[in-house]
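Biologist: Could you walk me through this one? I'm new to it, so please take it slowly.
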Amino acid sequence: MKTTTLLTATVLACGMVCGLPALAQDRGAGIEWQKLTDEVVELIRTGQYDRGVVVAREALAVAEQNAGAEHPDTAESLSNLAVLYDSKAEHAKAEPLFKRALAIDEKALGADHPLVGPAGHGCRHRRARRTGRLHRHRG
């Protein structure tokens with residue numbers, strides 16, 4: 001439980017440092033996407049990775065349909081799905097998703113944005129890879 005609380009605090013701090021509140025104002029994938037994303041977070045938290053993949057794929061489809069293939073919500077959904085695959089040790093499936101998410105963030109936010117970073121390993125993707133957990137930046 002302490003680890004979950006610490007991880008949550010770390011992720012929220014990362015969101016504040018990376019300027020995510022400004023991004024939250026420009027959300028485009030909608031309420032259905034947000035509910036699915038919240039469910040994915042809970043499924044990962046409880047270790048239900050197989051079900052998480054199903055819901056994450058659905059969230060990705062909604063993000064692509066509602067916000068477009070190049071929107072940061074789509075990047076978040078891709079990153080979340082990649083984390084699930086990484087958690088299941090399906091690294092070959094995770095890597096292209098992480099790369100696509102990073103490419104979207106670079107295009108949408110710019111290479112110097114804190115989520116992307118000058119080294120090409122943005123806050124969102126670096127944290128997801130290191131912890132094996134997706135991050136939440138909205139309450």
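Biologist: What pattern does the chain follow, read along the sequence?
Modeller: Read along the sequence, this predicted model follows the pattern α-α-α-α-α-α-α, and the chain has 7 helices and 0 strands.

Biologist: And how much of the chain is buried?
Modeller: Buried residues make up 45% of the 139 residues in the chain. Among the contacts with a separation of 6 or more, 64% are between residues 24 or more positions apart.

Biologist: Okay, take α3 and α4: at what angle do they pack?
Modeller: Helix α3, residues 30-45, packs with helix α4, residues 49-66, at an angle of about 160 degrees, and their axes are 9 Å apart. That angle is over 145 degrees, so α3 is roughly antiparallel to α4.

Biologist: Left-handed or right-handed crossing?
Modeller: The crossing of α3 past α4 is left-handed. On the α3 side the contact is made by residues including Trp33, Leu36, Val40 and Leu43, and on the α4 side by residues including Tyr49, Val55, Ala59 and Val62. The residues of this contact divide into 11 nonpolar, 2 polar and 4 charged.

Biologist: Switching topic, what pLDDT does the chain average?
Modeller: The chain averages a pLDDT of 75, with 64% of the residues scoring at least 70.

Biologist: Where is it below 50?
Modeller: Over residues 1-25 the pLDDT is below 50, and this stretch has 23 contacts in the model beyond near neighbours in sequence. The pLDDT also stays under 50 over residues 129-139, for which the model has 36 contacts beyond four places in sequence. Where pLDDT is low, the predicted coordinates should not be read in detail.

Conventions
Residues numbered from 1 in each chain as written. Predicted model: local features only at pLDDT ≥ 70, side-chain atom pairs only at ≥ 80, totals over all residues. Heavy atoms only, no water. Axes fitted to C-alpha atoms, helices over the stretch in contact; angles between N-to-C directions. Helix = DSSP H or I, 4+ residues; strand = E, 2+ residues; numbered from the N terminus. Parallel < 35°, antiparallel > 145°, perpendicular 65-115°, else oblique. Left-handed = near helix turned anticlockwise from the far one by under 90°. Contact = heavy atoms within 4.5 Å. Nonpolar A, V, L, I, M, F, W, Y, C, P; charged D, E, K, R; others polar. pLDDT = per-residue confidence, 0-100. Buried < 20%, exposed > 50% of the residue type's maximum accessible area, 1.4 Å probe, protein only.
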